[in-house]
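Here are some notes to read alongside the model. Please keep the structure open and find each residue as it comes up.

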Amino acid sequence: MSMNEKEIIYVTKPDLPPFEDFLPLLKDIWDSKVLTNCGPYHQKLEAALCEYLGVEYISLFCNATIALVTALQALRVTGEVITTPYSFVATSHSLVWNGLKPVFVDVDPVSFNIDPSKIEAAITPETTAIMAVHCYGTPCDVDAIQKIADAYDLKVIYDAAHAFGVKDERGSVLNHGDMSVLSFHATKVFNTFEGGAIICKDAKTKRRIDNLKNFGILDETTVVAPGINGKMSEFNAALGLLQLQCVDAAIARRKLVAERYVDLLSSVQGIKIPDTGSQYSRNYSYFPVLIEDGFPQSRDEVYALLRKHGIYARRYFYPLISDFSIYRNSVMNDAHALDVSKNVADSVLCLPIYPDLGHEVVDKIVRLMCGG
């Protein structure tokens, strides 16, 4: 594959099954005239995902943001929620939509996840929950977070948008905390074009979630809560069933791309590849690097150079959520400085990674970065 001005290489893009595979499912949906409202494909995908992910209860949603909003409602979270500034804005937006105050604490310099050692100092009488993010699919320190939550009677919600299929020594990381929320956006490892899901621990909670995502409707004449329309359509669910058949192969190809980057960049001075360890399975959802002082160009110069050549890497996540004007009052005071988060946000660059990204393109990306 040659790289010319018309070719655009994005940081990630979906691995889609052949369109002809979708046609029989599309016809079946069309003929059934059941297009949404938790139809047969919706139910099949929920069952298939429970089996694949190793979880007991899952509720599908139209997107992960609505799923986050609903998870907070289902847990009846109030007041203040401790969270990370190093994430996509949907994490904190879901709190604000529920009338909650996000309180940002710093991240760990290795995992880029919320630093448990910084959480206790941010707890106030108004704190009722912790919303942590498995950043780039790297699991949080779930044991440390749960210990704090148990000591202060706090709920724990994991934004697991990046963590599809990730496992630790006890199985799926999605089983930790009170709830986990997945994203099935088009750029994710597993996607339904748009979509998301909540993983919970019991059937009663799933029923509450399912009511909330359908306007709070219990039956034809009963509304039990001020819910929202968060249902996934039959078309999206059918696509998810097809995607699930090839997700393992897609992750395996992503792994090859990641290994190529590591081979080419691990010895380059000034480029740091995060060491996320080997104690859990990976899904290779992103490939972040840190452009540090020893590199001849700044992060933003590398970013601009790649864009000039049609390579749309991302400064993901930059700026910090806490740097947006709407969130500046959520940084408590100097005792809760976000120094690590700021350093990571100012130096991170996520390089393109997706299943059909060829090694020759990876090689060219690296040559451009390194001035070759």
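1. Is Tyr-86 buried or exposed? In this predicted model, Tyr-86 has a relative accessibility of 0%. The cut-off for buried is under 20%, so Tyr-86 counts as buried. Phe-112, at 2% relative accessibility, counts as buried too.

2. The ring count comes to 15 aromatic pairs. Tyr-86 and Phe-112 make up one of them, with 6.0 Å from centre to centre and 70° between the planes, an edge-to-face arrangement. Tyr-86 lies in the loop between β3 (80–83) and α4 (90–97), while Phe-112 lies in the loop between β4 (101–104) and β5 (127–133), so the pair ties together parts that are 26 residues apart in sequence.

3. Another pair is formed by Tyr-136 and Tyr-286: the ring centres are 5.9 Å apart and the planes stand at 55°, so this pair is tilted. Tyr-136 is in the loop between β5 and α5 (142–152), and Tyr-286 is in the loop between β13 (271–272) and β14 (287–291). The two residues are 150 residues apart, and their pair links distant parts of the chain. Both Tyr-136 and Tyr-286 are buried. Ring pairs join Tyr-86, Phe-112, Tyr-136 and Tyr-286 with Tyr-316 and Phe-317 in a cluster.

4. Charged side chains also sit over rings. Arg-315 places its charged end over the ring of Tyr-303, 3.9 Å from the centre. Lys-213 lies over the face of Phe-61, and the distance to the ring centre is 5.4 Å.

5. Asn-113 belongs to the loop between β4 and β5. At 0% relative accessibility, Asn-113 counts as buried. Beyond its neighbours within four places in sequence, Asn-113 has contacts that include Val-107, Asp-108, Val-133, His-134 and Cys-135. Pro-139 is another residue in contact with Asn-113; the two are 26 residues apart in sequence, and their C-alpha atoms are 7.9 Å apart in space.

6. Thr-192 is found in the loop between β9 (179–183) and β10 (196–200). Its relative accessible area is 0%, so Thr-192 is buried. Leaving out residues up to four places away in sequence, Thr-192 touches Leu-45, Phe-184, Met-232, Asn-236, Leu-239 and Gly-240.

7. How do helices α7 and α10 cross? The axes of α7 (residues 234–265) and α10 (residues 359–369) come within 10 Å, at an angle of roughly 35°. The crossing is right-handed. On the α7 side the contact involves Leu-256, Val-257, Arg-260, Tyr-261, Leu-264 and Leu-265, and on the α10 side His-359, Val-362, Asp-363, Ile-365 and Val-366. By class, the contact of α7 with α10 has eight nonpolar, one polar and two charged residues.

8. The backbone deserves a check as well. Most residues other than glycine have a negative phi, and most peptide bonds are trans. Cys-38 is not a glycine, yet its phi is positive, at about 60°. Cys-38 lies in the loop between α1 (19–32) and α2 (40–53) and is partly exposed, with a relative accessible area of 28%. Phe-215 also has a positive phi, near 65°. Phe-215 is in the loop between α6 (203–212) and β11 (217–219), and a relative accessible area of 41% makes Phe-215 partly exposed.

9. Tyr-318 and Pro-319 are joined by a cis peptide bond, with omega about -5°. Pro-319 is placed in the loop between β15 (311–312) and α9 (339–347).

Methods: Residues are numbered from 1 along each chain as its sequence is written. This is a predicted model: local features need pLDDT of at least 70, side-chain atom pairs count only at pLDDT 80 or more; totals for chains, interfaces and linings use all residues. Side-chain values use heavy atoms; hydrogens and water are left out. Axes are lines fitted to C-alpha atoms, for helices over the stretch in contact, and angles run from 0 to 180 degrees between N-to-C directions. Helices (H or I, at least four residues) and strands (E, at least two) are DSSP runs, numbered from the N terminus. A crossing is left-handed if the near helix is turned anticlockwise from the far one by less than a right angle, and right-handed if clockwise. Contact means heavy atoms within 4.5 Å. Ala, Val, Leu, Ile, Met, Phe, Trp, Tyr, Cys and Pro count as nonpolar, Asp, Glu, Lys and Arg as charged, and the others, Gly among them, as polar. Rings of Phe, Tyr and Trp (its six-membered ring) pair if their centres lie within 6.5 Å; planes under 30 degrees apart count as stacked, over 60 as edge-to-face and the rest as tilted. Buried means under 20% relative accessible area, exposed over 50%, partly exposed in between (1.4 Å probe, protein chains only). A charge sits over a ring if NZ of Lys or CZ of Arg is within 6 Å of the ring centre and within 35 degrees of the ring normal.
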